[in-house]
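We will stop at a sheet, then a pair of helices, and then a couple of loop residues.

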Amino acid sequence: MNNEIKRELSAIVGAGWMLDTPNELHVYSYDATPLYQAMPDAVVMPASVEETAAILQVANRHRIPIVSRGSGTNLCGGTVPTEGGIVLVTNRLNDLHEIDEENLTATFGPGLITAELHAAVEAVGLFYPPDPGSMRISTMGGNVAECAGGMRGLKYGVTKDYIMGLQAVLPSGEVLRFGGKNAKDVAGYDITKLLVGSEGTLAVVTEVTAKLLPLPKAKQTLVAYYNDLTDAARTVQRVIAEKIIPATMEFLDAETMRVVEEFARIGLPLDMKAMLLIEQDGTDAQVEQDILRIAEICRREGATAVRTAETPEEGAKLMAARRAALSALARVKPTTILEDATVPRSHLAEMVEQVGVIAKKYDVQICTFGHAGDGNLHPTCMTDERDQDEIHRVELAFQEIFHAAIKLGGTITGEHGVGIAKAGYLDLKVGAGGIELMKRIKEAFDPHGIMNPGKMFAKDTRRRVVVNTHECGHKHG
């Protein structure tokens, strides 16, 4: 990308918002995904939809790759600029434009931090349920791009279930609006839902309208400990079978419990094989009734101990410890690889057991935790990217884990997305015909292939590779 193009970009956003020094480019050469890095040619930070459209027009005219990103918290390598080009940062588009209490919607820019949206709507008695683990850092635009999930997915669903309307800029620079505040709208193809989870490969989102719910009046937390993984998994199945849908239903295996306890010091018993952390919300009476029934089911299905948090503060402390699981595991070794293979709830125990068998087979350390209620597991490997032999074994282990999930009727990713990390496995889930259809959809939006190239569709079957262009000089882990 020559200096003339850089001057053109600088004129659009202002000199202070076009970055191209080596140190500045390095900051945007990686995201939260280990083992991937590539240097962009320039970083631009637009402050309006008009500036965003002008940047895309320049990129389209010169056939320059565009990678849009927010905070870079994704775990699939989705915002690594593998082919150089322009990283378009949407963090300046961070206004909360409106909380509409009559239509129960919020409208905001993609740069709004997820936790800030939560706080703003809860201050007026409303509720935006999706709660990704990175919510204090992640942007709502990133949540939309990856269709982020979270611990409340069992009861409330994920990002796609709440996005009602989008403003988006196509690669050509054309600005379009899809959806809106209507509770019902079946006019044509649902482009809004298509863009949610499209991982920046189709367009740049510049405004979002999301559905809100009334804030639940009460919530209560329960923890149950097990000596047997199968008992814990069977408890999850039985709770749902008895028509109780908890707000959250989280699973931690013994290794994860040990590491979290070392990190958080909350008194987790280290002689147990697994724990379930369950939270229910709703009216006072419904929450009390459901928690009593859940506790009874836990005991009946083999829990060795069941405890209900006595205060909201105690419950919040338990949930905070669960949210800290990744941070705790990341302290163990230099490189932490977090995955999200997902299976039907009925196969949860079998999947957990297979992860353990696979970890032993390849002699790697894998802890498993995740969203038990919706079958979304997070097998997490603590390793060291400098040990190439071990990294190869980690690759083989995760390859086998993904195949196991598919065999059990599951999927290669429940909430993290495909990006680079799982592009080589997408065909396992959607088949060759599905991939060809997706490619034709992308071509309709992006005929010159400039939007986040190298993502979603694999160029080869390797799952992970350190990309080190433009003499990065550093491999992020």
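Begin with the open sheet of five strands, which run in the order E5-E6-E10-E8-E9 with antiparallel pairing. Helices (H or I, at least four residues) and strands (E, at least two) are DSSP runs numbered from the N terminus, and two strands pair if DSSP finds at least two bridges between them. Before going on, note that this is a predicted model, where local features need pLDDT of at least 70 and side-chain atom pairs count only at pLDDT 80 or more, while totals for chains, interfaces and linings use all residues. Residues are numbered from 1 along each chain as its sequence is written, and side-chain values use heavy atoms, with hydrogens and water left out.

Select 96-100 (E5) and 175-179 (E9): these strands stand at the edges, each with a single partner strand, so one side of each has no neighbour in the sheet. From one strand to the next, the twist averages 10°.

Now select E8 (residues 163-169) and E10 (residues 204-211), which are joined in the antiparallel sense by six bridges. Zoom in on Leu166, whose bridge partner in E10 is Val208.

Next stop: the helix pair. Two packed helices are described by the angle between their axes and the distance between the axes. Select H8 (residues 229-241) and H10 (residues 284-300): their axes come within 9 Å and cross at roughly 140°. Show side chains for Thr235, Arg238 and Val239 in H8, which meet Ile294, Ile297 and Cys298 in H10.

Find Leu35 in the loop between H2 (22-27) and E2 (42-44). Leu35 is buried, at 7% relative accessible area (buried means under 20%, exposed over 50%, partly exposed in between, with a 1.4 Å probe and protein chains only). Then select Lys243, another non-glycine residue with a positive phi, near 65°. Lys243 sits in the loop between H8 and E13 (248-253) and is exposed, with a relative accessible area of 72%.

Methods:
Axes fitted to C-alpha atoms, helices over the stretch in contact; angles between N-to-C directions. Contact = heavy atoms within 4.5 Å.
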